[in-house]
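Here is my note on the model you asked me to look through, arranged as numbered points so that each can be checked against the coordinates.

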Amino acid sequence: QVQLVESGGGLVLAGDSLRLSCAVSGRAFTWYYMAWFRQAPGKEREFVARIIWPSGITLYDLDSVKGRFTISRDYAKNTMYLQMNSLKPEDTAVYYCAADQRTAPGQYIYWGQGTQVTVSP
């Protein structure tokens, strides 16, 4: 069984930073993309950023986080990160990590449980 476990969320003030982690464990599988999503109360889930696991190439899907958030990965540790700087109240959401399978890139079938990020004005 594959498990994705997020950590690093919390309550911070506007302008602060947080680093989220997503560790993959369980039976060995290969994936192509790992990604961060977020969902704020009453809003649809947003695609934040993704990383092409084999190469480390990063893609930012949400304009509002460009220049503030950085996605990265530790290949050896099967862990993905999201460094979030200059946080704003509108970044408040539950953040989820997800992974696809290399045979079906972009179809995210493995999900973490989510970690709450709350940014106070």
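This is a predicted model: local features need pLDDT of at least 70, side-chain atom pairs count only at pLDDT 80 or more; totals for chains, interfaces and linings use all residues.

1. A search of the whole structure returns seven aromatic pairs. Among them is the pair of F37 and Y108, whose ring centres are 5.5 Å apart and whose planes stand at 80°, so this pair is edge-to-face. With F37 in strand 4 (residues 33–39) and Y108 in the loop between strand 9 (93–99) and strand 10 (110–111), the pair ties together parts that are 71 residues apart in sequence. Both F37 and Y108 are buried.

2. The ring of Y108 also pairs with that of F47, with the centres 5.8 Å apart and the planes at 85°, so here too the description is edge-to-face. This pair again links distant parts of the chain, since F47 belongs to strand 5 (residues 46–52) while Y108 sits in the loop between strand 9 and strand 10, 61 residues away. How do F47 and Y108 count by relative accessibility, as buried, partly exposed or exposed? F47, at 25% relative accessibility, counts as partly exposed, whereas Y108, at 14%, counts as buried. Taken as a group, F37, F47, Y108 and W111 make up one aromatic cluster.

3. Two arginines lie over aromatic faces. R45 is placed over the face of F37, a member of the cluster, at 5.1 Å from the ring centre. R73 is placed over the face of W53, at 5.7 Å from the ring centre.

4. Four strands form an open sheet with antiparallel pairing, and their order is 1-3-8-7. Which strands stand at the edges of this sheet? Strand 1 (2–7) and strand 7 do, and each has a single partner strand, so one side of each is left without a neighbour in the sheet. From one strand to the next, the twist averages 15°.

5. Within that sheet, strand 8 (residues 79–84) pairs with strand 7 (residues 69–74) in the antiparallel sense over six bridges, and I71 stands opposite L82 of strand 8. Strand 3 (residues 18–26) likewise pairs with strand 8 in the antiparallel sense over six bridges, and in this case A23 stands opposite T79. The hairpin of strand 7 and strand 8 has four residues between the strands, and N78 there takes a positive phi near 50°.

6. R50 has its place in strand 5, and its side chain makes a polar contact with the side chain of D61 at 3.0 Å. Once neighbours within four places in sequence are set aside, the residues in contact with R50 are Y33, M34, A35, I57, T58, L59, D61, I71 and Y108.

7. V94 lies in strand 9 and, at 21% relative accessibility, counts as partly exposed; the cut-off for buried is under 20%. Not counting residues up to four places away in sequence, V94 touches F37, R38, Q39, G114, T115 and Q116. How far apart are the C-alpha atoms of V94 and G106? They are separated by 21 Å, with the two residues twelve places apart along the chain.

Conventions: Residues are numbered from 1 along each chain as its sequence is written. Side-chain values use heavy atoms; hydrogens and water are left out. Rings of Phe, Tyr and Trp (its six-membered ring) pair if their centres lie within 6.5 Å; planes under 30 degrees apart count as stacked, over 60 as edge-to-face and the rest as tilted. Helices (H or I, at least four residues) and strands (E, at least two) are DSSP runs, numbered from the N terminus. Buried means under 20% relative accessible area, exposed over 50%, partly exposed in between (1.4 Å probe, protein chains only). A charge sits over a ring if NZ of Lys or CZ of Arg is within 6 Å of the ring centre and within 35 degrees of the ring normal. Two strands pair if DSSP finds at least two bridges between them. A polar contact is a pair of N or O atoms within 3.5 Å; within protein, one must be able to donate a hydrogen and the other to accept it, and residues adjacent in sequence count only if both atoms are side-chain atoms. Contact means heavy atoms within 4.5 Å. Axes are lines fitted to C-alpha atoms, for helices over the stretch in contact, and angles run from 0 to 180 degrees between N-to-C directions.
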